[in-house]
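Please examine the structure shown below. The report that follows describes how parts of it pack together.

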Amino acid sequence: MHLDDYQRAARRTAIFADRHRVIYPALGLASEAGEVCGKIKKVLRDQQGDFAGAPLAALKDELGDVLWYVAVLAADLGLSLDEIAADNLAKLASRRERGRLGGAGDHR
């Protein structure tokens, strides 16, 4: 599946009011990312960080929710997931070539 195909399909399932465009998926993204982190935290707490026994199905489900909110948020902003992904990989490849993968800041 191509990311833009996923994005179009995801947008068709978005049922929030137009007046809540951008903000609704942004809040949902933060909420779902928190759920992913919560499940990972419990692996650290309950399984001493051993991901061999991690609830992978539950994590996969939550990551799917994160992806949905990213796709819908990007659509609300008029952005293509294919372009976002390609630009991000190009940025990271450039940083790698220049030895700048570590560190902080957007423009390194």
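The axes of helix α1 (residues 3-12) and helix α4 (residues 81-97) come within 7 Å and cross at roughly 140°. Axes are lines fitted to C-alpha atoms, for helices over the stretch in contact, and angles run from 0 to 180 degrees between N-to-C directions. Because angles under 35 degrees count as roughly parallel, over 145 as roughly antiparallel, 65 to 115 as roughly perpendicular and the rest as oblique, α1 is oblique to α4. Contact means heavy atoms within 4.5 Å; Leu 3, Asp 4, Tyr 6 and Gln 7 of α1 meet Leu 81, Asp 82 and Ala 85 of α4.

This is a predicted model, in which local features need pLDDT of at least 70 and side-chain atom pairs count only at pLDDT 80 or more, while totals for chains, interfaces and linings use all residues. Residues are numbered from 1 along each chain as its sequence is written, and side-chain values use heavy atoms, with hydrogens and water left out.

A nonpolar core is a set of buried (under 20% relative accessible area) Ala, Val, Leu, Ile, Met, Phe, Trp, Tyr and Cys residues joined through side-chain atoms within 4.5 Å.

| Core | Number of residues | Residues include |
|---|---|---|
| Largest | 10 residues | Tyr 6, Ala 10, Trp 68, Leu 81 |
| Second, separate | five residues | Val 36, Val 43, Ala 54, Val 66 |

Ala 10 touches Trp 68, Ala 71 and Val 72, not counting residues up to four places away in sequence.

Arg 95, in helix α4, is buried, with a relative accessible area of 6%.

Conventions. Helix = DSSP H or I, 4+ residues; strand = E, 2+ residues; numbered from the N terminus. Buried < 20%, exposed > 50% of the residue type's maximum accessible area, 1.4 Å probe, protein only.
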